[in-house]
Amino acid sequence: MTGNGSTNERTVRNESDMDEDILFYVNKFRRSKGLKPLSLNSVLSKEARGHSKAMANGKTGFGHEGFESRIDDISKEIGTVRAAAENVAYGNLSAEAVVDGWIKAPATARTCWAISTSSV
């Protein structure tokens, strides 16, 4: 939360807290749909964090540029990836606001519940 009291904005604590907070709200949403919870995967988290940093510092545009390359890198670490998707968010948002935004957008909401997987 920032000084203005908005729960949609956040003060960055550390990356793993944000990962865990987002996972909490994704799983809360999945439970409401009768789906199994997801768990964090360190390889996926590392790749997502790298992409987030690249977007934040302007090394890549905001969005999904390089997605196939990230999936190739992940496959080298964990084996064949049969299906993959990614969601991105922009701004100094709380984990709850990020997930809420994904849920409200039809294309990204599907990645929160349609993918049959066990980790993110």
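## Contacts and overall make-up

Among the contacts in the chain with a separation of 6 or more, 59% are between residues 24 or more positions apart. The model is predicted. Its secondary structure consists of five helices and zero strands, and the pattern read along the sequence is α-α-α-α-α.

The chain has 120 residues, and buried residues make up 28% of them.

## Confidence in the model

The mean pLDDT of the chain is 75. A value of 70 or more is reached by 73% of the residues. Confidence is highest in helix H4 (residues 95–104), at a mean of 90, and lowest in helix H5 (residues 106–113), at a mean of 66. Over residues 1–12 the pLDDT is below 50. In the model, this stretch has 25 contacts beyond near neighbours in sequence.

## Helix H1 and Asn-27

Helix H1 covers residues 15–32, and Asn-27 is found in it. Is Asn-27 buried or exposed? The relative accessible area of Asn-27 is 7%. The cut-off for buried is under 20%, so Asn-27 counts as buried.

Asn-27 also has contacts beyond its neighbours within four places in sequence. Leaving those neighbours aside, Asn-27 is in contact with Pro-37 and Leu-38.

## The aromatic pair

How many aromatic pairs does a search of the whole structure find? It finds one. The pair is made by the rings of Phe-24 and Tyr-25, whose centres are 4.9 Å apart. The planes of the two rings are at 85 degrees, so the pair is edge-to-face; the cut-off for that class is over 60 degrees.

Phe-24 has a relative accessible area of 46% and is partly exposed. Tyr-25 also counts as partly exposed, at 23% relative accessibility.

Helix H3 (residues 67–78) has 12 residues. From its first C-alpha to its last, H3 reaches 16 Å, close to the 16 Å expected at 1.5 Å a residue.

Which residues of H3 are buried? They are Phe-67, Arg-70, Ile-71 and Ile-74. Seen down the axis of H3, these buried residues fall within an arc of 100 degrees, so they line one face of the helix. The face of H3 turned away from the buried side carries the exposed residues Glu-68 and Lys-76.

Just after H3 comes Gly-79, which takes a positive phi of about 100 degrees.

What covers the buried residues of H3? The cover includes helix H2 (42–56). Gly-50 has its place in helix H2. At 40% relative accessibility, Gly-50 counts as partly exposed.

Gly-50 and Arg-70 are 20 residues apart along the chain. Their C-alpha atoms are separated by 9.6 Å. Arg-70 is one of the buried residues of H3.

Notes
Residues numbered from 1 in each chain as written. Predicted model: local features only at pLDDT ≥ 70, side-chain atom pairs only at ≥ 80, totals over all residues. Heavy atoms only, no water. Phe/Tyr/Trp six-rings, centres within 6.5 Å; stacked < 30°, edge-to-face > 60°. Buried < 20%, exposed > 50% of the residue type's maximum accessible area, 1.4 Å probe, protein only. Helix = DSSP H or I, 4+ residues; strand = E, 2+ residues; numbered from the N terminus. Contact = heavy atoms within 4.5 Å. Expected span 1.5 Å × (residues − 1). Arc of directions from axis to C-beta. pLDDT = per-residue confidence, 0-100.
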